[in-house]
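Me: Could you walk me through this structure, one question at a time?

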Amino acid sequence: MKRLLIALACLWLPLWSSAQGGYGNALRNSTTFHDYLRAPALSSVELSPNGRWLAGVKLNHKGIFVFVSDLDNPQAQAVDLPFDESTFVNWVEWANDDWLITSVTVYGTFDGQIYTREGLNYYTFSGFETMPIPVTRLFLVRRDGSGVQRVFEGVKSLEKRNLNLGRIVSFLPNDPDHFLVAATLRGDLDLFRVQVSTGAHERIGVGKNGTIGWYADINGEPALRVDANRRGTRYTYYGRQDRPNGRTSWKRLKSVRADERAETIKQSTEFRPLSPGAVTGTYYVAARPAGDPTTGIHLYDFTTDTYVRPIRVDPDRDIEDALINPESYEYLGSRYYEDLLTTEFTDQTMQAHMDGLSTMFDAEVNIDWTDSSRDGKRWLLYASGPQEPGTYYVYDVENTHIRNYGSAFPNLSPYRLSPVEIVKYQARDGLEITGYLTMPKGVRDGVIPPVVVMPHGGPEMRDTITFDPLAQILAGNGYAVFQPNFRGSSGYGLEFADAGRRQWGKAMQHDIEDGFAHLIATGKADPSNACIFGYSYGGYAALAAATLTPDLYKCVIAASGPSDLLEMLDWVRDEDGSRSDEYEYWTRHIGDPRRDRDELAAHSPARLAQYVKAPVLMIHGHEDAVVPIEQSSLMVEALTEAGKSVEFVELHRSGHSHRMAGDQRKEMEAIIGFLDSHLTVDPQIWSFSD
């Protein structure tokens, strides 16, 4: 079963750059920042449909390569396809057993300058004429490295209109000589069918102004079209309607809030397509139909906008991902997070194998079942966790034999990575909250490290036990990191999420405070040596702490967060309209500025700057389309007028969560420098025995 259709379980975080002096400097635990920043040594590993071949991307001192290995003949030399130092290989995938599709990006300027990877790493904004612009293209390559051809090569109507020609919609596993790709032709995003062996293409779907994506049905025809609002914060799904006269129309189905991050599995959703169903006109979706307490897997009819039946629903937790056979479209199982990733197969034999693998790894890592051969006899797995940054394994099902194929980050030693423990506590109203505490590896007995309380963004998202580069960098500098899943977080069902509605600065804030109090009571935190730090909603929570509980933390870091709830709601209304789904979502979640004006003002940090006591670091990207940079400017102005200590780091080329290399470096240097200035790390903290 080739390319099982899995929505990858990754909460995207930027890869952070050097702090404390210079790029590549060592953290206090002897790991280097460069070890976290460098591109993976091994990535995008994929199993061929017959299970014999393994392809992927590898990076070493000689350069970057697309490789092909023969798993049945390990002694055979791998085929390596080298790329120069200006090329970024995004991914590689099997079109069929003989052909590969690979996506590559080059960064250049309008006047023809091309950036190398090193040059891009050190780039800082100096004007739009030198700003690197990414250009992405697809290439078709034979398994032996011959027959390389660029998709849409020479098609001026497409190549001139598209910086990104790498948006694959479907690899069409039941049609191994074709795949589907989305591209802009005349101002809208259209859908094209491309032949693997020749590169020939035809347009099979025409988008509208605002179309950002497509989904195909079991026959490789367009099934769903996705349009976005101007800011890209809300998606509207349209379903194909086949008329009796042979013409096609599109019916509006669902409007959902877009995730702030690149990956969405850790955010509960009202509606998210996963895979075509086995019957024409149906789709497997992760959804929470009206009246359901949790997100589950459902079979959905996009021609009638109805849910056919539930496939996997749990009354106590959100099930956000399904495993689907992409050839038969049979439902194979589901994946969800308790704290680690849990995989459930409907087949008892497959489940027994997965349970055995979990036992082998001592249930301390996320085992991501990423791929399988068509006959199911060979699996590709990816293991990751706090002390395992990522390793690929090939598992032989018949012989129950597992082979370590390679680490994505070989320079990150598990002996230096910090462990994560689950923290369960009761909020002041009795609600049970789960959080995660990353403790610096090798901390001496009796030493309480300074704590960075780090609430997540969203707020309808969640943290899990995973490999978190930011938490690991902070822990590597001697800071414990606490990440609470306060009420309003996803993953715990609708009731838990609804408990956070209109609780900005109130019950959600209390949950964070109560988690910190729990750490103090259990001897894991020093009340005089802690900082609060967050992005997006987490940035708001940090500012709310600075103004509502000014004596609680020694310092505050707020990145990309709202500071004035009334001004923020006015901005959303002006951008999207007072009757838009987006404005309705935020008034339901934060409050109505007409009815709740006084309450919103009383919990808007920019209006309470006079109460701040702790020094504040503000960080914001100029290209933020989710929370405008003016929200941080308002807070900086209010703090300055009140005579408070504030620093403002403006990231000229960054958006809400995406960071380019120069901005990453600038941001992380500011964060670590700020923490070092206001918290105390015991120089005798480490006690490594390895």
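Reply: Happy to! First a definition: a residue is buried under 20% relative accessible area, exposed over 50%, and partly exposed in between (1.4 Å probe, protein chains only). Helices (H or I, at least four residues) and strands (E, at least two) are DSSP runs, numbered from the N terminus. This is a predicted model, where local features need pLDDT of at least 70, side-chain atom pairs count only at pLDDT 80 or more, and totals for chains, interfaces and linings use all residues. Residues are numbered from 1 along each chain as its sequence is written, and side-chain values use heavy atoms, with hydrogens and water left out.

Me: What pLDDT does the chain average?

Reply: pLDDT is the predictor's confidence in each residue, from 0 to 100. Over residues 1–25 the value is below 50, and over residues 260–268 it stays under 50. Still, 91% of the residues score at least 70, and the chain averages a pLDDT of 88.

Me: Which residues sit on the face of α4 turned away from its buried side?

Reply: Helix α4 covers residues 348–360. Its buried residues are M350, Q351, H353, M354 and L357. The face turned away from them carries the exposed residues Q348, T349 and T359.

Me: Which strands do the buried residues of α4 pack against?

Reply: Here we look for contacts, meaning heavy atoms within 4.5 Å. The buried residues of α4 pack against β23 (341–345), β24 (366–372), β25 (378–385), β26 (388–396) and β27 (401–407).

Me: At the start of α4, which residue has a side-chain oxygen that reaches the backbone nitrogen of T349?

Reply: Look at the start of α4, at the backbone nitrogen of T349. The side-chain oxygen that reaches to within 3.0 Å of this nitrogen belongs to D347.

Me: Is R231 buried or exposed?

Reply: R231 lies in the loop between β14 (222–228) and β15 (234–242). Its relative accessibility is 10%, so R231 counts as buried.

Me: Which side chain makes a polar contact with the side chain of R231?

Reply: A polar contact is a pair of N or O atoms within 3.5 Å; within protein, one must be able to donate a hydrogen and the other to accept it, and residues adjacent in sequence count only if both atoms are side-chain atoms. Beyond residues up to four places away in sequence, R231 touches several residues, including W571, E575 and D576. At 2.5 Å, the side chain making a polar contact with that of R231 is D576.

How values were computed. The expected span of a helix is 1.5 Å times one less than its number of residues.
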